[in-house]
Amino acid sequence: MSGATGRWVLFATVLGSSMVLLDGTVVNVALPRIGKDLDASLAGLQWAVNAYLLTLAGLILLGGSLGDRYGRRRVFVVGVLWFAVSSALCGLAVNAEMLIGARALQGVGGALLSPGSLAIIQAVFRPADRAPAVGTWAGLGGVAGAVGPLLGGWLVGGPGWRWVFLINVPPAVLTVLIAARHVPETRDETASGRFDVPGAVLAALSLGSLTYALTAASTQPATSVATGAAAVVLGIAFIRTERRSPRPMMPLSLFSSRLFSTTNTVTVLIYGALSAVSFFLVLQLQTTSGFSPLLAGLALLPLTLLMLAFSSRAARLGSRIGPHIPLTAGPVIAAAGVLLMLRIGPDASYFTDVLPAGIALGAGMTLLVAPLTATVLDSVPVARAGTASGVNNAAARTGGLVSVAAIPAIVGLSGDEYRSPADVDAAFQGAMISCAGLLLVAAVVALTAVRATAPAPDSVDAVCATCSVTAPPPTAERRPHGTG
């Protein structure tokens, strides 16, 4: 941590991963302006979010494996460059179709660079310095997440929504220059065998088919049924492939742990609710309440700031009392915050309507996220903690993907209705009730299926010291107690 190489490594990995964290918080703020400028339907806006989540969720585990085999710095740099080029394509998009395609490419870049940033830290730093290095990485990443809504709102209301994407290019160039000069190359010398490319392809195709089926449900019911059936067939093929693969992308044996299966179910529900809240809230604030993009971007700032300030304390609380109470109470408090958002309407005030709801949602998420990630790692052997964390990250992205695709159809919002204040207001009310329901179901699952005892004292999870708003850490390593 005190050496020049260590500081350069941290700077490069934080700068690279911050692009992904920023992207997760700024794009939703720009959606109403994107829809207006590109004459996009609601389905187009949904796909502008989901195309990115689809490739990121489907390929993030494969991205980590590529880094282990071919060099973590090499794959990280490729991911940063890929992300920068695809971001530029997003900023230059002339129609919704081009934007959606570029967003899918962005997700590929994110899947390459996100696991690599933490893997480089784990490989380069000596054991005694890994925990503080990861804590610094997570803390600075949290700052990037906090800046995201402000930056996104300012860009959308000032230079324009295209700069939400184009702003990624300068830090990407700087990251590549620093990584090429100062970051040592590392790889897993024991890595061998084939990559699970069929598993990655089947996962992406299954998720893509499911997303299309949910998005098209209200406008193209026959097509929705056909693609939904295809999603089921592809999902079965994915499971069969993973069961037979000698090096599966998602080892099914992990799910033999009841605790691992339960916590990933809770993850899907919680991040599904959070993604849908973020998607609908900016539409409601800008379309119905008449907020500027900058003020709308401030809506979820309390959530980010609370997680940044208190998630390390929540992690310590979870390690002391066990995950049962945080994973039960946290979703309930978050659900109360979402229900408070029902007060947001045409005459909403930021300080009396938006801010209290954001604080309650942030308090609940802060209480639960760190113990949730720690419990995932505690549910598997130490040697499989990295894979378990990657699966948990993919579960979070999948939850967001499905909810953003499904909930608009459930609440009856489709086509160009997102431009109508009355239609958006009615859909927003139903969406917030649906999201609160998802959080309460997560609380019930945790109450009934997560053990009440404290986790084993022989393990700690440094990564959970500061947690992300958009997803758990892409990779994590649980280390024996006393090793830093």
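Is Asp-39 buried or exposed? In this predicted model, Asp-39 is exposed, with a relative accessible area of 57% (buried means under 20% relative accessible area, exposed over 50%, and partly exposed in between, with a 1.4 Å probe and protein chains only). The residue sits in the loop between α1 and α2, and its phi is positive, at about 50°, although Asp-39 is not a glycine. Helices such as these are DSSP runs of H or I with at least four residues, strands are runs of E with at least two, and both are numbered from the N terminus.

Residues are numbered from 1 along each chain as its sequence is written, and side-chain values use heavy atoms, with hydrogens and water left out. Because the model is predicted, local features need pLDDT of at least 70 and side-chain atom pairs count only at pLDDT 80 or more, while totals for chains, interfaces and linings use all residues.

Turning to the charged side chains, the structure holds five salt bridges (a salt bridge is a side-chain nitrogen of Lys or Arg within 4 Å of a carboxyl oxygen of Asp or Glu). One of them joins the side chains of Arg-103 and Asp-23, at 2.8 Å from N to O. Arg-103 belongs to helix α4 and Asp-23 to helix α1 (residues 4-38), so this pair ties together parts that are 80 residues apart in sequence. Arg-103 is buried, at 3% relative accessible area, and Asp-23 also counts as buried, at 3% relative accessibility.

Another salt bridge links Arg-72 with Asp-68, at 3.1 Å from N to O. Here Arg-72 counts as buried, with 12% relative accessibility, whereas Asp-68 is partly exposed, with 25% relative accessible area. Asp-129 and Arg-126 likewise meet through their side chains, at 3.1 Å from N to O. In that pair, Asp-129 is buried at 14% relative accessible area, while Arg-126 counts as exposed at 56% relative accessibility.

The packing of the helices comes next. Helix α2 (residues 42-70) packs with α4 at an angle of about 30°, and their axes are 6 Å apart (axes are lines fitted to C-alpha atoms, for helices over the stretch in contact, and angles run from 0 to 180 degrees between N-to-C directions). That makes α2 roughly parallel to α4, since angles under 35 degrees count as roughly parallel, over 145 as roughly antiparallel, 65 to 115 as roughly perpendicular and the rest as oblique. The crossing of α2 and α4 is right-handed; a crossing has this hand if the near helix is turned clockwise from the far one by less than a right angle, and is left-handed if anticlockwise.

Helices α13 (residues 324-340) and α14 (residues 350-378) pack at about 155°, with axes 7 Å apart. The two are therefore roughly antiparallel to each other, and their crossing is left-handed.

Finally, the surface carries a nonpolar patch of about 690 Å², whose members are Val-78, Trp-82, Val-85, Leu-89, Leu-92, Val-94, Met-98 and Leu-105. Patches are made of residues with over 30% relative accessible area and no salt bridge, where like charges are joined within 9 Å and nonpolar side chains (Val, Leu, Ile, Met, Phe, Trp, Tyr) within 5 Å. The elements giving two or more residues are α3 (72-91) and α4 (96-124), and α3 gives the most, with four residues. Val-94 lies in the loop between α3 and α4 and counts as exposed, at 63% relative accessibility.

Terms used. Accessible areas come from the Shrake-Rupley method with a 1.4 Å probe; for residues, only the protein chains shown count as cover.
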